[in-house]
Amino acid sequence: MMRGTLSNLLKGIFCFLALTFLCTEYGISQHGSTLSETFREAEELFIYNDSEQSEKLFKSIEEDLCNNEDYYELCVDSFIYRASILRNSREYEAADHLLDDAKNLAYNLLGEGHPLLVKIFAQKAFLNEDLANIDEARIWADRAIEVVNEYSPGEISFARAGIIDGYILNSQGNYSDALEAYSSVLNILNDLEKDLEVMRLLSQLHNNIGVVYRRLGQLEEALEHYLSAREVIIKALGESHHEMALIYNNVGGIYYVLGDRGRAAEYFIRSADILIENFGQMNDNVSRAYNNAGVVYLQLGDLEKAIHYLELAQRVKEEIHGSEHPNTAVGYNNLGSVYLQKEEFERAEKNYRLAIEVRKNIHGDNHPNLIAPLHTLSGLYIQTERWGDARKELQRALNIGLSRFNENHIDMIDTYSLIANSYLMEGDYNNAHHYYSKTLSLILGVDVSDEAIIPDLSQVSYTLKLIENIRGMNRVLHEKFKASGDKQLLHESLRFTTIASETIDMLQTSFQNEASKLNLIDNNYEIYSNALDIIFKLYTISHDDNWLDEMHYYSEKSRSRIAHDLLQSVEARNFGGVPDEVINVERELNTKVSDYYQKLQLEQEKGEEGSQSMLRQYRDSLFYAKRELHQFTQSLEENYPDYYQLKYDRKLAARDDIQSMIGPDETVLSYSFGSESLYAIIIDSEQISVRKLEKDEGLADQIEKIRKSVISGRTTEYEEAAYHLYTQLIEPVKDLLRTESVIILPDQAMHYLPFEMLLTEKPNGKMYHHMPFLLRQYQIQYRPSATVMITKQQQRPQEPKNLLALAPFSQSTIPLEQDELNERYFDQLTPLPLSGYEAQEIAKLFRVRNSLWSFFFPEHAEVLTDRRASKSRILNGALDDYGFIHFATHAFVNERNPALSGIALHGGDDGDGIVYVGEIYNLQMRADLVVLGACDTGLGEIRRGEGLIGFTRAFLYAGASNLVVSMWKVNDQPTAHLMIGFYEHIREGQSYGSALRNAKISLMDHPEYAAPRNWAAFILNGR
């Protein structure tokens, strides 16, 4: 367990090179002489990265410029350019001397308030920041601001001063202040005429803003500004310019953080390709791009590719810089991490020490650039249980940091965190407790030992590190509790858990990207699972039933968070006072986003056969569509306060809410995984109870085993798994299930398990139609969470009527020649001859006039078969008049990319009849029941903290109150019998749960259809 924990804690310890262009400064002067023309030529060479020739030209004219008062400005500017070239080559001392010369010349030749002084002071600040002299950098940035405030030398100088101010504030970790400084500059530059100098400053500014947003974890905003920088570069310098590579690198960094590592690698490699096209392979930035690609493949576990790109990067670095260079040191560090993953510890240590030695030779023994490799080396020692060696290196890092930074600097926080981790792994929980307390106090800005202090989370810069260190602290407190039995330690752990939980809530609200939200919950699922263990222990100590409500609260927080947010946004639209025409605009924007996303994903699915130009086009279109939607949503929140309040109402369903909704004949059975145990929380109309179940690490394998055995007809294997799962999941809580109707809230792999096919005792040779299926004892329904259940109950229509049934395969197949992706999932879209019969028989039930009211006001039942059952009918036709929508067709599930799962309808002449999950989200329906009588529609991707992502969530968001889906492929004949029987019982007045149960029992009692593969696949998500 500890090795896995260490691996998670040390993620991100690799040296990931963010390529930026924060320091390039340009200003084309308007002079007509040969001197000015030569100056412009040198300037252009600088822009296009030919530093050697640029410096030669500047030197060749410098004396003439400085001896002619007409060219004093160009004289000073040439010194600044040469200093920039030296700084970019990391010749810091020489660059500093040139800037001092430029400063003295500016004072002597141009006067105290000249704009070039702002440029010089900004360059001095950049240089000192490069050297990690943050306090000195701050002084130079302030001097630039003083010149601007005192002499008002013009908008460009205001912009330069604001950019360096924001840059240093960002380096100091003052992200909000940095964004404020950058915003004021953005307003200035946006109002100026867009000449080359303004465009260059704009691209630099957008890039810097992106860096800040990335550090804040607001990845959508970061991506927006990176791509704004990209647009500026295209307009100023063209799409093939080498700085496009820097933007691709930064965009790759966003995908890296989002966890989309494969796409990140593609961007890094594309960045390298552009650079090679411009400069050839022996280029410093090429090595950086290769380095980043190698780090990504290292994270992906593809060691072969990781080694390939890291070694390629290292060869370029050594060729350009030799073995004694900071970039070469980064390569040694990352190669060390490759060997660490391969558990070649000696080779890993050798490379880590090379990285340290190179940096020490360059910078000396006390430079902040030594901190990162000291961290990675200590990580190696922690993993190999050399605790003393680890803390020796961490003490070196601590001493360096304390001599340069304040204790709340990110490097210091990381150092203290690693020290705490080393003690945790060693089992020295008292010292681990001390250092985690120190780390958390630094992050929060308050003494965490003072329980009376409530930290202001909105002022916390390193939110993800806060959560990470709380996870470590909770492990320490738990171990100390096991040794002492002191329940105060549990209360302390719960206090930290509350802080982490509130931080996650804050981040989830601020994130715009669903992938970011999924990663946030998945990576920090331990916060909720640990809370369940803590609270259960407190309950067993005190027997206070209030702790049971706390368990239910954290159980709800750990499930279907994003699904609830999506449904909450629907509620906000419907009841937030937003006019219909505005809602229609939002729906059109959502459709545009999902359309571009789908096209992009389909093109990417083609792999090497995909068109790079089309990929770029779709990526750009998707970005702008998402930005337009985001801006529109922001305007909704600003203009309709009720909409905002409803959308971000994070109230979870409490026990009282559930009990007021369910009837006396219903029980909610919620499963939740703690870190140590599996818990069953049982709520009926009278009480709440909790049972601790054994946490079987093989549960997911057992569920997969029962599914495969049912589908393949392996009876003995099925019987063993079905009875085993019953004894594990149902038998321990059977005495608390006092009602016949049970609503199950599954967790993790249990989303794939139809509980009704479990066996309550060993069959002992009985035939299927005599087996003791759980369904014979209970009526079973499902919901992703209690909060979603209550939300859908509130949204369901009062008196649903009218049926829309679609059966596109009743007589023929549908060609899919134009969509290669779908051919991977459908070998052949075979006819489903009984599907048309099924749809017509169901429709007859809705046309029966069994009352005077139905005689005068009959229900409408529309049956669409073959070509009439088209994709355009679903996407473009009105659906909100139908209380019941029934699909009798084929479907497929793309578990790797759920948005590309699809339901097959007729596509018309173009043959594209697939309705993708992403398109379902944009449907508008008010159906009380949607039935997906197609294969695998209950499947999808399971994510911790969210559950199942697929058709179910899409249809619930689109407006379906209840949903019937299938968990595997079912033959046409038993499906038709089941569905017709299901609707017959509904028309008799039975609830959906009762109707489905009785329809299944009819098949169970029939020897031909009694095998669970014929009836258990279909489950009800609803009541």
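Modeller: A charge sits over a ring if NZ of Lys or CZ of Arg is within 6 Å of the ring centre and within 35 degrees of the ring normal. The charged end of Arg707 is placed in this way over the ring of Tyr752, at 5.5 Å from its centre. This is a predicted model, in which local features need pLDDT of at least 70, side-chain atom pairs count only at pLDDT 80 or more, and totals for chains, interfaces and linings use all residues. Residues are numbered from 1 along each chain as its sequence is written, and side-chain values use heavy atoms, with hydrogens and water left out.

Biologist: What lies over the face of Phe846?

Modeller: Arg987 does, at 4.1 Å from the ring centre. Phe846 also belongs to an aromatic cluster with Phe884, Phe982, Tyr983 and Tyr992.

Biologist: Why is the pair of Tyr718 and Tyr768 called tilted?

Modeller: Rings of Phe, Tyr and Trp (its six-membered ring) pair if their centres lie within 6.5 Å; planes under 30 degrees apart count as stacked, over 60 as edge-to-face and the rest as tilted. The search of the whole structure finds 22 aromatic pairs. In this one the centres are 6.3 Å apart and the planes stand at 45°, so the pair is tilted.

Biologist: Why is the pair of Phe773 and Trp1015 called edge-to-face?

Modeller: Its planes stand at 80° and its centres are 5.0 Å apart, so the pair counts as edge-to-face.

Biologist: Is Asp505 buried or exposed?

Modeller: Buried means under 20% relative accessible area and exposed over 50%, with partly exposed in between (1.4 Å probe, protein chains only). Asp505 has 15%, so the residue is buried. Phe773 and Trp1015 are buried too, and buried residues make up 61% of the 1023 residues in the protein.

Biologist: What makes Ser176 exposed?

Modeller: Its relative accessibility is 55%, so Ser176 counts as exposed. The C-alpha atoms of Ser176 and Ser461 are separated by 8.8 Å, although these residues are 285 apart along the chain.

Biologist: Which side chain makes a polar contact with the side chain of Asp505?

Modeller: A polar contact is a pair of N or O atoms within 3.5 Å; within protein, one must be able to donate a hydrogen and the other to accept it, and residues adjacent in sequence count only if both atoms are side-chain atoms. The side chain of Lys557 makes this contact with Asp505, at 2.9 Å.
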